[in-house]
Amino acid sequence: MSFRWKTPEVEPHELDESLPLIYMWEITDQDGNRVGRYVGKAKSGAKRPRTHYARNVNRLLADKPYRKNKPDQYRTVHKALAQAALQGHKITLSFLCNVRRDENINEVERRYIRLKGSSGLESWQLND
């Protein structure tokens with residue numbers, strides 16, 4: 001039987017999951033140490049982080065290609081989530097904010113990447 005990862009429970013929130021949003025993955029080890037943090041955007045709402053990551057992580061764990069035309073293009077966050085799942089680390093998905101129509105989702109994402117410190121040289125900073 002092969003290992004199968006499912007998207008973990010989502011932190012409680014009051015956002016509209018059908019609207020564009022900013023989300024964050026956090027990984028902590030058994031001792032409570034931060035292992036990973038990634039901030040992303042979802043233009044069509046929560047479906048992307050809720051389903052696409054599980055699909056990508058499971059493909060990676062099954063040693064399948066990312067895409068036919070990009071077989072080795074798994075992102076750092078996919079690799080970190082797969083490793084965390086194998087090691088039994090705590091994985092948390094949080095929805096940080098909805099993005100209004102008058103806001104640029106890329107700018108809001110960059111603001112949250114800076115705010116959450118998820119980009120940099122530390123091994124836990126998963127935004128490339």
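View A. Helix 1 (residues 47-61) lies across strand 1, strand 2 and strand 3, at about 45° to strand 1. Helices (H or I, at least four residues) and strands (E, at least two) are DSSP runs, numbered from the N terminus. Contact here is heavy atoms within 4.5 Å. Axes are lines fitted to C-alpha atoms, for helices over the stretch in contact, with angles from 0 to 180 degrees between N-to-C directions. This is a predicted model, where local features need pLDDT of at least 70 and side-chain atom pairs count only at pLDDT 80 or more, while totals for chains, interfaces and linings use all residues. Residues are numbered from 1 along each chain as its sequence is written, and side-chain values use heavy atoms, with hydrogens and water left out.

**View B. Helix 2 on the sheet.** Helix 2 (residues 76-87) also lies across strand 1, strand 2 and strand 3, running at about 40° to strand 1.

View C. Three strands make an open, antiparallel sheet in the order 2-1-3. Strand 2 (34-42) and strand 3 (90-98) are the edges, each pairing on one side only. On average, neighbouring strands are turned by 15° against each other, direction ignored. Two strands count as paired if DSSP finds at least two bridges between them.

**View D. The hairpin.** Strand 1 and strand 2 form a hairpin with five residues between them. Look for Gly32 in the turn, with its positive phi of about 85°.

**View E. Strand 1 beside strand 3.** Eight bridges join strand 1 (residues 21-28) to strand 3, antiparallel. Thr28 sits opposite Lys90 in strand 3.
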